[in-house]
Amino acid sequence: PKLPGPLFKLLAEQEEGRLRPLAIQRAVMDIRARQVQLSSLREIMPPHGSEVACMSVDAVEDRYLLCGHANGALAILDVEESQSSQHRTFECVVRLVRGDAHEFSVTGVGWYPRDTGMFVTGSFDKSVRVWDTNNAKVVYAFTMSEKVFDVNLPQNAVNHSLVAVACGDGRACLCDLNSGARQHTLAGHRGAVTCLAWSSTDEFVLATGGQDGTLRVWDIRRTASCVAMLSKDEAPQLNRGKRSREFLRGVEEPEGGGGAAARRNYAPLAHTGGVSAVIYSPDGRNLLTSGVDGHMRLWNPVSYELEVANFGKFPQDESTFYKKVQLAVSWQSRLVFHPRRRDVIVADLQSGERLATLPGHMDTVQCCVAQPRGETIFSGGKDANILAWTPPSTGWGGAESDGEGDEDAWSEDEA
């Protein structure tokens, strides 16, 4: 296929030795990102007639899509890619209806990082359940005291097997898959913990976001577990050797004074109105959050400083109390996919530039997830549909190849 003008120019500059090694790769990625579109060759039949609340693709085989639904149902889809250019409908290999899966909305799902034989789900029915994939049966269940808003499993853990659970009582609980016990509790949020994420590079670091608008980073090895509270308006508040409880109750006094009472009630805000999503990029170099205030923010995971990146506004559905959304970071940690009402926005992770808008859903999009090693993005929404998005499989523009004209014009008469 004919190369686009900018890429042809870059190839000429590369021949002259005037380019950095990764310039061509980044240019190709930028071009393909702008051409992401609804796949015409991959179709997913809705496994349940209920809105899709959360999703996860396994990191072992890059093949199985786990979906949690608002009616308490679960589904696992086989989304294995093939080289065929023929239309394909992804098969649902496991389907669990409400009651067999959960009683109320499924709010978080996650695959065991080293084996597709196990996955974990959390729900508003106050339970976290560990499943045997092969038998589609619960092998262990953790009973929580309040609603579960999110669950997350570390992808790089070697020294522990802890599942982080976001609870409605303002705590993040760590449940041990090996012992079946709730090992640790991280308290500090004033209101429900709505989202959380393990670091991609440090198995002991956890970030949590809450309805109180605060974003907190914890090191579970330390007695004073909370190491930082991030702020959109000022420098981050760092825990310099204080006990965790003292740090959480009395951070630095806000401007204008107010004395001890102000210090006790003050906490720096990452988002106004609540944090609805938190995610580390796969390479661990960036921490992303989204909030009820309609902003997505980029943070340095080492210094905890707010990075300069303008992603624009992401208005959220005001008709529901539950504001959580699910973001996806893909393509070598260069692109972020964020739901925006009935669309999905594709943006450059570093600059915030919006590269594409993906329309296709008939109702609010609630979650996006990316294949860890592929280019396909999946989105789910209140319309109960799961859509697959991908760049063109052939050429540099236009729709995907439908298979016509791909075969050689050869016949037996010419043999």
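Rings of Phe, Tyr and Trp (its six-membered ring) pair if their centres lie within 6.5 Å; planes under 30 degrees apart count as stacked, over 60 as edge-to-face and the rest as tilted. The model is predicted, so local features need pLDDT of at least 70 and side-chain atom pairs count only at pLDDT 80 or more, while totals for chains, interfaces and linings use all residues. Residues are numbered from 1 along each chain as its sequence is written, and side-chain values use heavy atoms, with hydrogens and water left out.

**Exercise 1. Aromatic rings**

Determine how many aromatic pairs the structure holds, and classify the pair of phenylalanine 119 and tryptophan 131.

Step 1. The structure holds five aromatic pairs. Phenylalanine 119 and tryptophan 131 form one that is stacked, with 5.8 Å from centre to centre and 5 degrees between the planes.

Step 2. This pair links distant parts of the chain, since phenylalanine 119 belongs to strand 8 (residues 118–123) and tryptophan 131 to strand 9 (residues 127–132), 12 residues apart. Strands are DSSP runs (E, at least two residues) and helices likewise (H or I, at least four), numbered from the N terminus.

Step 3. Phenylalanine 119 is buried because its relative accessible area is 2%; tryptophan 131 is buried because its value is 1%.

Step 4. The rings of phenylalanine 124 and phenylalanine 149 have centres 5.3 Å apart and planes at 75 degrees, so this pair is edge-to-face. Phenylalanine 124 is in the loop between strand 8 and strand 9, and phenylalanine 149 is in strand 11 (residues 148–152), 25 residues apart, so that this pair too links distant parts of the chain. Both phenylalanine 124 and phenylalanine 149 are buried.

Step 5. One aromatic cluster is formed by Tyr64, Trp111, Phe119 and Trp131.

**Exercise 2. Charges over rings**

Which ring lies under the charged end of lysine 147, and which under arginine 354?

Step 1. A charge sits over a ring if NZ of Lys or CZ of Arg is within 6 Å of the ring centre and within 35 degrees of the ring normal.

Step 2. The charged end of lysine 147 is placed over the ring of phenylalanine 124, 5.0 Å from its centre. Arginine 354 lies over the face of phenylalanine 314, at 4.5 Å from the ring centre.

**Exercise 3. Strand 5 and its partners**

Describe the burial of strand 5 and its pairing with strand 4 and strand 6.

Step 1. Strand 5 (residues 74–78) is mostly covered, with five of its five residues buried. Leu74, Ile76 and Asp78 point one way, Ala75 and Leu77 the other way, and all are buried. In a regular strand the side chains alternate between the two faces of the sheet.

Step 2. Two strands pair if DSSP finds at least two bridges between them. Strand 4 (residues 64–69) and strand 5 run antiparallel and are joined by five bridges. They form a hairpin with four residues between them, and glycine 72 in the turn has a positive phi of about 95 degrees.

Step 3. On the other pairing, strand 5 and strand 6 (residues 88–96) are antiparallel over five bridges.

Step 4. Isoleucine 76 stands opposite leucine 66, and its bridge partner in strand 6 is valine 94.

How values were computed:
Buried < 20%, exposed > 50% of the residue type's maximum accessible area, 1.4 Å probe, protein only.
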